[in-house]
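Please walk me through this structure, step by step.

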Amino acid sequence: MCGIIGIVGKSAVNQSIYDGLTVLQHRGQDAAGIVTCDNKRFYLRKNNGLVRDVFHTRHMVNLKGKMGVGHVRYPTAGCQSSAEAQPFYVNTPYGISLAHNGNLTNVDELKEDLYQEDFRHINTDSDSEILLNIFARALQKMGKSRLDQEDIFTAVKEVQRRCRGGYAAIAMIMGYGIVGFRDPYGIRPIVFGKRKTSQGGEEYIIASESAALNVLGFDIVRDIEPGEAIFINSEGQLYSRQCAKNPVASPCIFEIVYMARPDSIIDGISVYKARMRMGKYLAKKILKTHPDHDIDVVVPIPDTSRTSALQLANVLGVKYREGFVKNRYIPRTFIMPGQGQRKKSVRQKLNAIELEFSGKNVLLVDDSIVRGTTCKQIIQMAREAGAKKVYFASAAPPVRYPNVYGIDMPSVNELLAHNRTSDEIATKIGADWLIYQNLDDLIAAARKGNKSIKQFDTSCFNGHYVTGDVDEQYLAFVESQRNDNAKNKRNKGHSEVIELHNVG
């Protein structure tokens with residue numbers, strides 16, 4: 001999971017891209033980057049760290065130009081090398097820079113083809129660099145000194161033909177403009193908008209989430225459709241084209257559960273309202289399975305579960321209380337690279353208010369349970385704060401399978417729910433009882449926001465991968481790349497490599 005943003009403006013865009021990246025910071029805390037274009041030159045700054053730490057005044061001054069692309073990253077395969085920070089750049093043809101959110105499932109095949117057929121060298125382990133080179137090669141094959149929008153859409157069609165998986169990308173072409181495109185299933189989110197300038201002109205933005213548009217004062221036009229590309233030239237003219245043969249909308253439902261900001265609207269679905277409905281459905285399940293429950297208070301595990309927990313408490317007719325205080329300066333533990341670091345951070349991140357737990361039967365509500373590291377420690381914290389009984393509710397179904405489309409869910413053997421029943425999981429995390437959302441109810445909660453969506457990517461819950469190309473062999477490869485031991489080895493290896501790029 002990453003956050004991407006691109007702007008074509010009438011004045012300098014560096015500050016707007018920076019501000020947009022801070023809004024998208026929740027999508028990646030490992031690295032950040034911005035590239036701008038001015039007077040036939042690209043100006044790039046990228047490095048590991050949060051947006052506020054990567055960019056200082058001296059960097060912002062150097063990011064000149066009226067169009068640019070930004071990126072915040074977390075490592076899908078666990079690598080923390082700054083060599084993999086985005087945007088990436090190739091000088092042939094024309095000069096192209098690209099930022100990408102998602103994951104390609106045929107990386108090895110594409111990498112081999114690029115080397116054997118196109119004589120292109122890939123310098124990192126990032127599939128974003130591969131996506132960029134596929135796009136660049138498609139433009140190069142046209143052999144033109146000047147491009148038009150039809151040439152760019154033809155190149156995107158070639159990307160759609162060759163690349164499989166889930167992806168949303170923004171590419172900036174020197175002297176031409178910015179193109180945004182999405183995979184044929186629309187798995188990863190991407191939206192565009194526009195705003196009027198004080199002089200009466202129009203500026204355009206493309207971003208992962210609508211919240212970035214709202215904060216920057218852009219009006220939402222719409223989501224980029226599955227398989228679609230939009231091109232905004234340097235003069236501010238917008239063109240769009242469907243580039244996939246058989247697009248099938250299948251947005252990732254885990255965006256609604258956890259990833260997206262509650263103030264975002266994704267594919268016409270209000271994340272906030274969907275999470276309210278998730279809480280309502282979950283409350284109804286509790287009333288059905290535990291009609292004589294003795295819950296005294298509902299406490300959310302901040303922040304993502306708050307909306308669901310509040311609605312759940314209302315339906316149950318039980319008090320809602322904020323029982324944990326969060327340290328805002330500790331990153332999201334789901335995104336952290338190592339199990340040891342995740343365990344350490346939970347106690348640093350949350351502190352219990354004993355008054356809300358002492359002598360009470362408490363229902364803790366979280367958005368989901370992935371590894372179980374966080375919820376186990378939080379349940380223990382609730383007991384230490386004096387809770388008589390601790391129940392646990394997940395607003396999402398059991399996460400039993402890895403996500404292969406751009407969310408770094410761990411290897412299958414590190415998923416707490418894999419090959420375990422709810423009772424076994426409750427014992428494992430130390431809860432008196434545990435309840436999960438039904439998958440059908442989760443889908444209904446999301447789909448009510450946009451009934452035209454016929455299906456979602458729910459692969460992490462049911463193991464059904466919508467692209468149809470994910471088999472046991474590929475999942476074994478994912479396992480080898482994503483388990484914590486592999487990540488630790490890879491990060492150690494990267495720390496010993498001299499990297500061949502300038503990060504400012």
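Start with a pair of charged residues: the side chains of Glu228 and Arg222 meet in a salt bridge, with N and O 2.7 Å apart. A salt bridge here means a side-chain nitrogen of Lys or Arg within 4 Å of a carboxyl oxygen of Asp or Glu. Side chains of opposite charge can pair when their charged atoms come close. Glu228 is buried, at 6% relative accessibility. Arg222 is partly exposed, at 29%. Buried means under 20% relative accessible area, exposed means over 50%, and partly exposed lies in between (1.4 Å probe, protein chains only).

A word on the source: this is a predicted model, in which local features need pLDDT of at least 70 and side-chain atom pairs count only at pLDDT 80 or more, while totals for chains, interfaces and linings use all residues. Residues are numbered from 1 along each chain as its sequence is written, and side-chain values use heavy atoms, leaving out hydrogens and water.

The structure holds 27 salt bridges. Another one joins Lys389 and Asp294, at 3.2 Å from N to O. Lys389 lies in strand S21 (residues 389–394), and Asp294 in the loop between H9 and strand S16 (297–300), so this pair ties together parts that are 95 residues apart in sequence. Helices (H or I, at least four residues) and strands (E, at least two) are DSSP runs, numbered from the N terminus. Lys389 is partly exposed at 34% relative accessibility. Asp294 is partly exposed too, at 30%.

Next come Glu356 and Arg321. Their closest N and O atoms are 3.9 Å apart, and they form a salt bridge. Glu356 sits in the loop between strand S19 (350–352) and strand S20 (361–366), and Arg321 in the loop between strand S17 (319–320) and strand S18 (324–326), so the pair ties together parts 35 residues apart in sequence. Glu356 is buried, with a relative accessible area of 14%. Arg321 is partly exposed, at 33%. Elsewhere, salt bridges that share partners join Arg27, Arg188, Glu209 and Glu255 into one network.

Now turn to helix H14 (residues 439–447). Which of its residues are buried? They are Asp441, Leu442, Ala445 and Ala446. These residues cover an arc of only 135 degrees around the axis, which puts them on the same side of H14. The arc is that of the directions from the helix axis to the C-beta atoms. Their cover includes helix H8 (254–259), strand S15 (269–270), helix H9 (271–289) and helix H15 (459–462).

Look next at Gly372. This residue lies in the loop between S20 and helix H12 (373–384). Gly372 is buried, at 11% relative accessibility. Gly372 and Leu415 are 43 residues apart in sequence, yet 7.8 Å apart in space, C-alpha to C-alpha. Leaving aside residues up to four places away in sequence, Gly372 touches Leu416 and Ile429. Contact means heavy atoms within 4.5 Å.

Finally, step back to the whole chain. It has 17 helices and 22 strands. Its radius of gyration is 23 Å, close to the 23 Å that the globule rule gives for 504 residues, so the chain is as compact as a globular protein of that length. That radius is taken over C-alpha atoms, and the rule is 2.2 Å times the number of residues to the power 0.38. Buried residues make up 61% of the 504 residues. Among contacts between residues at least 6 apart in sequence, 71% join residues at least 24 apart.
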